[in-house]
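I opened my notebook to look up a few things in this structure. My entries follow the order in which I asked.

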Amino acid sequence: GTGVELSFHDADGSVTYHARVVVSPGDAVGGLMVERAEAPTDQQRRRDWRVPADYPVWVRPAGSEDKIKGRMVDLTAHGALIATNYKLDAGEVVDLIFQLPQSAVHRLVAQVVYTDLTDEDGVNRFGLRFVEVKSRAREAITWFLYDQIQTLYIEELRELYPITKPRAVGPTRPLEP
């Protein structure tokens, strides 16, 4: 989430973009992965509402027939945090197979954008950004998030969308020509 500015220079001048770090060098990937951002400051609020989840998932690295068991830790409209004993690399593309309550099993394509290999129990955490999501999976995720956000974040919603009193309507005058 750290804000950075990228400047590209050539003979005609330069252009600068605001970005934020999504994978840092401390994640042992040998480089940075950045995402274009609106401002150079650290991200104060995430782009999406994040809700806790505790559901089994299966992850299949691209080109592999083997499925890896894991747990979904949290979910957003555009990604998820998963935990597994397996090691994935930042930038890797995977199939994510999961089932939300009162929903069918869904498979979508995701890319690893965050790695955390620090757990002493051998459990690794990975942030996934959804790349390909079929409409039925998108609908299931949207409704699941809607229900969870309405339940978990009621105070935040009230602050964002305060109820205002209706304005009193006074007498009107005819328009003058």
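**Entry 1: the model**

I noted at the start that this is a predicted model.

**Entry 2: the barrel**

I asked which strands close into a barrel. I found six of them, in the order E4-E5-E6-E9-E8-E7. Their pairing is antiparallel. From one strand to the next, the twist averages 45 degrees. I reminded myself that strands of a sheet pair through backbone hydrogen bonds, either parallel or antiparallel.

Next I picked out one pair. How many bridges join strand E7 to strand E8? I found seven. Strand E7 covers residues 93-99, and strand E8 covers residues 105-116. The two run antiparallel. I also looked up glutamine 99, which stands opposite valine 105 in E8.

**Entry 3: the helix**

I looked up helix H1, residues 135-152. Which strands does helix H1 lie across? I listed E4 (51-61), E5 (68-75), E7, E8 and E9 (124-132). Helix H1 runs at about 155 degrees to E4.

**Entry 4: glycine 70**

I moved on to glycine 70, which is found in strand E5. Is glycine 70 buried or exposed? Its relative accessibility is 6%, so glycine 70 counts as buried; the cut-off for buried is under 20%.

Then I checked what glycine 70 touches, leaving out residues up to four places away in sequence. I wrote down Tyr55, Pro56, Val57, Ala83 and Thr84. I also looked at isoleucine 82, twelve residues from glycine 70 along the chain. The C-alpha atoms of these two residues are separated by 6.6 Å.

**Entry 5: salt bridges**

I recalled that side chains of opposite charge can pair when their charged atoms come close. How many salt bridges does a search of the whole structure find? The search finds six. I looked up three of them in turn.

Arginine 50 forms a salt bridge with aspartate 74, with the closest N and O atoms 2.8 Å apart. This pair links distant parts of the chain, 24 residues apart. Arginine 50 sits in the loop between strand E3 (33-36) and E4, while aspartate 74 is in strand E5. I compared their cover. Arginine 50 has 28% relative accessibility, so it counts as partly exposed. Aspartate 74 has 10%, so it counts as buried.

Arginine 107 and aspartate 95 also meet in a salt bridge, at 3.0 Å from N to O. Arginine 107 is in strand E8 and aspartate 95 is in strand E7, twelve residues apart. Arginine 107 counts as partly exposed at 40% relative accessibility. Aspartate 95 is buried, with a relative accessible area of 18%.

Arginine 125 and aspartate 116 form another salt bridge, at 3.2 Å from N to O. Arginine 125 is partly exposed, with a relative accessible area of 32%. Aspartate 116 is buried, at 14%. I then looked for shared partners. Salt bridges of this kind join Arg60, Asp95 and Arg107 into one network.

**Entry 6: a surface patch**

Which residues make a nonpolar surface patch of about 300 Å²? I found Leu6, Phe8, Val15 and Val34. I followed up on leucine 6, found in strand E1 (residues 3-10). At 30% relative accessibility, leucine 6 counts as partly exposed.

Key: Residues numbered from 1 in each chain as written. Predicted model: local features only at pLDDT ≥ 70, side-chain atom pairs only at ≥ 80, totals over all residues. Heavy atoms only, no water. Patch = residues over 30% accessible without salt bridge, like charges linked within 9 Å, V, L, I, M, F, W, Y side chains within 5 Å. Areas by Shrake-Rupley, 256 points an atom, 1.4 Å probe, with all protein chains shown as cover. Salt bridge = Lys/Arg side-chain N within 4 Å of Asp/Glu carboxyl O. Helix = DSSP H or I, 4+ residues; strand = E, 2+ residues; numbered from the N terminus. Buried < 20%, exposed > 50% of the residue type's maximum accessible area, 1.4 Å probe, protein only. Pairing = 2+ DSSP bridges. Axes fitted to C-alpha atoms, helices over the stretch in contact; angles between N-to-C directions. Contact = heavy atoms within 4.5 Å.
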